[in-house]
Amino acid sequence: MRFSGFGALYDRAKSLGRAKVAVAAAADKEVMEAVKLAEKEGLIIPVLIGDLEKIKQLALEIGLGLDGAELIHEPDSLKAAHRAVDAIVDGQAHFLMKGLINSSDFLRAVLRSERGLRTGRLLSHLAAFEVPEFSRLLFVTDGGMNIAPNLAQKREILENSLLYLQGIGMDLVNVVILAANEMVDSKMPVTIDARALVEMNQNGEFPGAIVEGPLALDGAVSAVALKHKGISSKINGNVDLILAPTIEVGNVLGKSMVYFAGATMAGIVLGAQVPIVLTSRSDTPRSKFMALTMAALNRMIK
């Protein structure tokens, strides 16, 4: 199946009941606004960890009721991150959200050696885009974590995304390995990696996926463009997941959809024991809410 939009993701997540989200250093207005919306919509039970005086002040300011929330006082942001990870390890929450704390410090707590959330897999970012006039959600990886992944890392990034997407109900995922053109050329190493990933898929790796590439963006999303170029494709423009060659390509592609095409974007970090919500201050409340929705869906994955 495919998801027609974020509404379909939300409906599936809400059917699972409320998820508990551990918010590290929660005294952040933008984060609290997202928590308020998700709690109001019946999606989450917030576990708010941080300076309780500031959390309560912000909750009063934005109109967030705290009767259903779990509150843990820890004014030190780094210690709050560790308390959030503790909540996951101890089975007290389903996923994590970063609040007012440096991302590097937060991830160090996530990846700590004792009672951390390591799985042995690479952490990677998966973004979903709801683009006007596009018939389905489009997923892009990795525009947020890995700067210039090598072939082995691209394989792990793809595996992370497929584990998530297939786990939430997409039994066959159409994957395009993005490049500037379709010719495999030693002068463009990303095309060599693309061919290698396609060969892995042909040899039985990445089950439940069709992997094609290298393909330029027009060939990824347009059957007409493929026809003009004389390219035969099983996906034929119906891409579900785009694997970007570098963080710059993934980041620029995503922001282009948001700012030039009016798309709504949400994203989560995969590869740890649970999803991680790392929102940007420039994200809209709806984007943050849908990131929480994506993370809450992880309970479907066996």
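**Backbone geometry, strand pairing and annotated regions**

Glu-133 is located in the loop that connects strand E5 (124–130) with E6. In this predicted model, the phi angle of Glu-133 is near 70°, which is a positive value in a residue other than glycine. Most residues other than glycine have a negative phi, and most peptide bonds are trans. The relative accessible area of Glu-133 is 83%, so this residue counts as exposed.

A positive phi is also found at Ala-25, near 55°, again in a residue other than glycine. Ala-25 belongs to the loop between E1 and helix H2 (29–40). Ala-25 has a relative accessibility of 8% and is therefore classed as buried, the cut-off for this class being under 20%.

Two cis peptide bonds can be described as follows. The bond from Thr-141 to Asp-142 is cis, and its omega is near 5°. Asp-142 sits in the loop between strand E6 (138–141) and helix H6 (151–167). The bond from Gly-213 to Pro-214 is likewise cis, with omega near 0°. Pro-214 is placed within strand E8 (residues 209–215), whereas Asp-142 is in a loop.

Strand E4 spans residues 95–98. From this strand, Phe-95 and Met-97 point one way, while Leu-96 and Lys-98 point the other way. All four of these residues, Lys-98 included, are buried. E4 is paired with strand E1 (residues 19–24) through four bridges, and the two strands run parallel. Within this pairing, Lys-98 of E4 stands opposite Ala-24. E4 is also joined to strand E11 (residues 276–277), in this case by two bridges, and this pair too runs parallel. The bridge partner of Met-97 in E11 is Val-277.

The record lists residues 80–295 as "domain: Phosphate acetyl/butaryl transferase". Over this range the chain is 40% helix and 19% strand, and the C-alpha atoms at its ends are 20 Å apart. The record also gives a "transmembrane region" covering residues 257–278. In the model, residues 257–278 are 23% helix and 41% strand. The end C-alpha atoms of this segment are 19 Å apart. Strand E11, at residues 276–277, is one of the partners of E4.

Notes
Residues numbered from 1 in each chain as written. Predicted model: local features only at pLDDT ≥ 70, side-chain atom pairs only at ≥ 80, totals over all residues. Heavy atoms only, no water. UniProt positions renumbered as here; feature names shortened; annotations may be inferred. Buried < 20%, exposed > 50% of the residue type's maximum accessible area, 1.4 Å probe, protein only. Pairing = 2+ DSSP bridges.
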